[in-house]
Amino acid sequence: LTIAGIYRMQISRETVKANAMLAGLGRTRRVILGDTLLDGFAPEEIEVVLAHEVGHHVHRHILLLLIGTGAFSLVAFWVCDLVLRQYVSGIDGEVQYAPLSLAALPLMMLIISVLSALSGPLRCAMSRRFERQCDRYALRQTGLSDAFRSAFRKLAALNKADPDPHPLEVFLFHDHPTISQRLALATEYEGGRKRR
Ligand SMILES: [Zn+2]
């Protein structure tokens, strides 16, 4: 498991928000940290955020995300095929895709939009699970629970995150744990360490 490098991305001209990400496949895998993060955060806070991104790498989240997207595409196109068979071709059996009317395209786009809206909560739940995994990884690897808390407090303030969103909103739209859940995770980690 290697990472090609850690990169600084200039985003301060476009936003005051702080951001970090893991990108690439195989040997092109890299961690990208926004200059807003590198310039505005303490070294220990940056260490925690970096460890979180490395966590995405260690837990192979990009691969899992690709598999998930692939599975979604399979299901979505299978449903498109079913619907086209029923309502567009009018012929039982195989859909003739080559002579298919262009008018079928908006129908396919509608089906795909509806399916992606329906699968949104599932995708968000998976993402929130990945994020929690990486938060735990960052806490374990760095042991910096104070820096973890201050980093995520700063991130939430900069990114204007709602500190206490409605659970339904979280279920439908949030792909990251809420700031209060992340702070609670740090406290939980400290509790676990004291018991040992
Ligand atoms: Zn993350």
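1. L155 touches A18, L37, F41 and V49, leaving aside residues up to four places away in sequence, where contact means heavy atoms within 4.5 Å. The model is a predicted one, in which local features need pLDDT of at least 70 and side-chain atom pairs count only at pLDDT 80 or more, whereas totals for chains, interfaces and linings use all residues. Residues are numbered from 1 along each chain as its sequence is written, and side-chain values use heavy atoms, with hydrogens and water left out.

2. L155 is also, with L37, F41 and V48, among the residues that have the most contacts inside the largest nonpolar core, which has 26 residues. Such a core is a set of buried Ala, Val, Leu, Ile, Met, Phe, Trp, Tyr and Cys residues joined through side-chain atoms within 4.5 Å; buried means under 20% relative accessible area, exposed over 50%, and partly exposed in between, with a 1.4 Å probe and protein chains only. At least two residues of this core come from each of β2 (20-23), β3 (30-34), α2, α4, α5 (145-158) and α7 (179-195), and α5 supplies the largest share, six residues. Helices (H or I, at least four residues) and strands (E, at least two) are DSSP runs, numbered from the N terminus. A second, separate core of five residues includes C80, L84, A104 and I111.

3. The zinc ion is coordinated at 2.1 to 2.7 Å by H52 (NE2), H56 (NE2), E131 (OE) and E131 (OE); donors are N, O and S atoms within 2.8 Å of the metal (3.2 Å for Na, K and Ca), and because water is not among the atoms, sites may look incomplete. The arrangement is irregular because the four donor atoms subtend angles of 52 to 131 degrees around the zinc ion, whereas four donors count as tetrahedral if all angles lie between 85 and 135 degrees.

4. Along the chain, the donors of the zinc ion follow the spacing H-x3-H-x74-E. Since H52 lies in helix α2 (residues 43-58) and E131 in helix α4 (residues 104-142), the pair ties together parts that are 79 residues apart in sequence. H52 counts as buried at 4% relative accessibility, and E131 is buried with a relative accessible area of 6%.

5. For α2, the end C-alpha atoms are 22 Å apart, which agrees with the 22 Å that its 16 residues should span at 1.5 Å a residue; the expected span of a helix is 1.5 Å times one less than its number of residues. The buried residues of α2 include E45, E53 and H57, as well as H52 and H56.

6. α4 has 39 residues and reaches 53 Å from its first C-alpha to its last, close to the 57 Å expected. A kink of about 45 degrees lies at S119 in this helix, shortly before the proline P121, the bend being the angle between axes fitted to the seven residues ending there and the seven starting there. G120 also lies in helix α4 and counts as buried at 6% relative accessibility, while its C-alpha atom is separated by 9.5 Å from that of H174, 54 residues apart along the chain.

7. R60, in the loop between α2 and α3 (61-89), has a positive phi near 55 degrees and is partly exposed, with a relative accessible area of 47%. K160, in the loop between α5 and α6 (167-173), has a positive phi near 50 degrees and is exposed, with a relative accessible area of 70%.

Notes. Four donors count as tetrahedral if all angles lie between 85 and 135 degrees; four count as square planar and six as octahedral if opposite donors are over 155 degrees apart and all others between 65 and 115; anything else is irregular.
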